[in-house]
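User: Can you walk me through a few spots in this one? I'll jump around a bit.

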Amino acid sequence: MTVRVLINPTNRELEAEVGDILLDRMREEGVHIEALCGGKGFCGKCRVILERGRVEKRSTTPDKLLSEEELSAGYHLACMVRLVEDCEFTIPAESRVDSPKILMNASLELPERSPAASKHLLASPGGPAGSPLLAYRRLSLRDYQGTAPRVSDQVYEALNRMREGEVTVTVSRTSGYPEVIMAEPGDARNRCVGLAMDIGTTTIVSVLADLSTGRVLGTASGMNKQITYGEDLVTRVAVARNEEGLRKLQRAAVSAINEVLGRLYSDTGLSPGEVVDVAVGGNTVMNHLFAGLESGYLEIANVEVPREPIIVKAGAVGLDVNPEAYVYCLPNVSRYLGGDAVGDVVASGMHRSGEMSLMIDLGTNGEIVFGNDKWLFSCSCASGPAFEGEGVRHGMRAAVGGIDHVWIDPETKEARFSTIGDAPAKGICGSGLIDLVAELFRAGVMDFSGKFVASAPYVREGKWGMEYLVVPAERTSIGKDIVLTQGDLDYVIDSKAAACGAVTVLMKKLRIGINDVRHVYLAGAFGTYTDMRNATTLGIFPKFPNAEYHPIGNGSLSGAYATLVSVEKRREAADVARKMVYVDLLVDVEFIEEYSKALYVPGAKEYFPA
Ligand code: FES
């Protein structure tokens with residue numbers, strides 16, 4: 001039997017079968033809601049308020065994630081709601097997936113260009129009668145040097161139909177052997193367009209660029225729709241264990257990308273058929289899921305991951321560009337160090353410098369690379385989503401209303417703060433959380449072991465144990481006090497210890513000290529929005545007294561752009577992936593030692609001299 005479900009505040013009506021789980025139907029219909037644990041009933045993020053109708057619960061155990069007042073106000077967890085009749089729900093502010101602040105800034109310039117796709121005129125127009133088609137389908141092309149490209153049946157037939165006038169063909173070198181992927185009438189050499197994308201776990205950023213000039217024609221971004229299947233990579237790989245799950249995740253990613261592309265086409269006046277090459281920066285799991293590749297093996301610790309780039313035809317994955325265009329994904333190194341990190345390295349240029357450099361990209365998963373022009377040494381760490389504002393009670397992604405910076409009055413210990421968009425506070429995002437904890441330490445509200453000082457002002461006993469009042473309810477948009485609990489604090493300290501331990505364990509293995517590092521490249525949102533003084537006060541990574549610090553923005557997008565407009569950069573990316581030594585910290589005993597030392601603020605004296 002079919003029931004109708006109305007979802008506020010978007011006023012979306014869904015149809016469902018009796019017995020369906022609300023979160024599943026919302027996912028299928030593209031209704032966004034926070035779902036950190038992917039529907040397992042662990043995170044308590046997928047809150048909905050039942051306004052009308054009756055529901056059953058799959059389990060009542062996760063109700064402990066809701067307070068008594070919330071339960072009596074009709075709060076439910078969408079992943080636990082079994083639909084039995086027509087009903088109406090509201091998604092409360094804290095569970096809505098608002099448009100996040102997406103990191104768009106990236107280096108999108110490259111003086112030397114040699115794109116993998118290029119357009120050429122046929123040397124003698126007019127089909128077989130004019131003899132452009134030589135024996136064995138060899139084409140005679142103007143301004144083309146190198147191995148004669150192969151011609152598919154489809155293109156050959158198209159060429160045979162173009163008997164009049166000039167003919168332009170697009171040659172792609174992405175697959176390793178040149179191939180004519182498109183033929184069009186007339187001289188179309190001035191329109192050769194490519195797409196560079198950063199496919200992140202949370203967001204997608206796309207750039208259309210003119211392949212012959214490198215000029216950016218348009219940029220757009222959006223949310224990765226896979227988010228409703230779980231925010232972290234482990235949950236998504238688990239969903240993709242069976243074919244149906246993999247298909248859903250692949251479709252969700254491509255549908256989100258195609259929506260972003262739709263906006264780009266309407267902004268630029270370009271059409272999908274004009275986009276003849278695609279380069280992608282994504283982590284290992286995203287690359288697999290986007291390409292529809294089996295990803296179950298990524299659940300195995302220390303498993304070997306192919307270091308060749310994943311290459312597919314756009315038509316095969318349903319991407320809304322020319323279906324014959326090749327999609328090149330920057331090569332992965334390991335299961336948790338993917339093409340996005342290789343893109344960071346290529347964008348930073350550390351692999352071409354004789355000086356010792358460190359690249360740090362901290363999100364839910366942290367990537368750390370030390371090296372120079374001779375060697376690269378890397379690891380990844382489960383820094384957890386704290387640095388992206390998730391995993392703590394009042395954490396949120398960087399979006400309007402997110403507290404992004406915090407200062408604590410050294411006398412009164414009261415928190416002052418700013419929010420994204422100057423909106424009433426809704427939660428604390430990653431940069432705000434780092435500020436908050438560093439300032440609590442500086443102000444003496446938190447001790448060096450990460451525990452609240454019970455006698456400090458604004459520290460009190462709350463529902464979840466000791467907590468610090470950040471914003472009183474009347475100044476928030478969620479009608480509740482925004483607090484940082486001792487549990488949150490423990491989580492942040494654990495995250496920072498994982499990140500710092502990952503950096504110092506590599507330093508120990510490489511026998512390098514804090515004075516040896518000359519450049520620190522900070523990639524991603526962490527490197528762009530975080531106050532670095534607070535990051536080192538907290539001890540997320542050591543202080544490097546001789547280093548220059550370089551925020552590189554969205555390095556994954558810069559890497560994708562560079563490899564879109566230059567095959568030379570693709571060679572560099574291949575070289576980076578091939579020569580990078582990867583240390584799996586899950587099976588590294590020294591890491592536990594370094595991690596334990598980093599559980600104190602800021603950390604061991606050798607890395608944080610007074
Ligand atoms: S509790 Fe429902 S998605 Fe986590």
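**Working through the model**

Analyst: Thr 528 counts as partly exposed, because its relative accessibility is 29%. Bear in mind that this is a predicted model.

User: Which helix is Thr 528 in?

Analyst: Thr 528 sits in helix α11, which covers residues 524-529.

User: And what is Thr 528 in contact with, leaving aside its neighbours within four places in sequence?

Analyst: Thr 528 is then in contact with Leu 103, Asn 105 and Gly 553. Gly 553 is 25 residues away along the chain, and its C-alpha atom is separated from that of Thr 528 by 5.9 Å.

User: What about Ser 558, buried or exposed?

Analyst: Ser 558 counts as buried, because its relative accessibility is 3% and the cut-off for buried is under 20%. Ser 558 belongs to helix α13, residues 555-565. Not counting residues up to four places away in sequence, Ser 558 touches Ala 106, Ser 107 and Ala 347.

User: Let's go to the start of the chain. How many residues of β1 are buried?

Analyst: 5 of the 7 residues in β1 (residues 2-8) are buried, so the strand is mostly covered.

User: Which strands does β1 have bridges to?

Analyst: β1 is joined to β2 (residues 12-17) by 6 bridges, and the two run antiparallel. β1 is also joined to β7 (residues 87-90), by 4 bridges, and that pair runs parallel.

User: How many residues lie between β1 and β2 in the hairpin?

Analyst: There are 3 residues between β1 and β2 in that hairpin, and Asn 11 in the turn has a positive phi of about 60°.

User: Switching to α3. Which residues are buried there?

Analyst: In α3 (residues 153-161) the buried residues are Val 155, Ala 158 and Leu 159. Seen down the axis of α3, these buried residues fall within an arc of 100°, so they line one face of the helix.

User: Why would residues three or four places apart point the same way?

Analyst: Because an α-helix has 3.6 residues a turn.

User: Next, the sheet with β26. What is the strand order?

Analyst: The order is β26-β27-β28, an open sheet of 3 strands with antiparallel pairing. β26 (459-462) and β28 (482-485) are the edge strands, each pairing on one side only. From one strand to the next the twist averages 45°.

User: How many bridges join β26 to β27?

Analyst: 4 bridges join β26 to β27 (residues 465-471). In β27, Met 466 is the bridge partner of Glu 461.

User: Which helices lie across or pack on that sheet?

Analyst: Helix α10 (residues 486-510) packs on the sheet and touches β27 and β28, with its direction at about 60° to that of β28. Helix α9 (residues 430-442) lies across β27 and β28, also running at about 60° to β28.

User: Last topic, the second largest pocket. What volume does it have?

Analyst: The second largest pocket has a volume of about 910 Å³.

User: Which residues lie nearest its centre?

Analyst: Arg 47, Arg 393, His 394, Trp 464 and Lys 480 lie nearest the centre, out of 43 residues lining the second largest pocket. At least two lining residues come from each of α2 (68-72), β26, β28 and α10.

How values were computed. Residues are numbered from 1 along each chain as its sequence is written. This is a predicted model: local features need pLDDT of at least 70, side-chain atom pairs count only at pLDDT 80 or more; totals for chains, interfaces and linings use all residues. Side-chain values use heavy atoms; hydrogens and water are left out. Buried means under 20% relative accessible area, exposed over 50%, partly exposed in between (1.4 Å probe, protein chains only). Contact means heavy atoms within 4.5 Å. Two strands pair if DSSP finds at least two bridges between them. The arc is that of the directions from the helix axis to the C-beta atoms. Axes are lines fitted to C-alpha atoms, for helices over the stretch in contact, and angles run from 0 to 180 degrees between N-to-C directions. On a 1 Å grid over the protein atoms alone, a cavity is a set of points where a 1.4 Å probe fits but cannot get out, and a pocket is an open set with protein on both sides within 12 Å along at least five of seven lines; lining residues have an atom within 4 Å of a point. Grid points are joined across faces, edges and corners, and a volume is the space filled by probe spheres set on the points.
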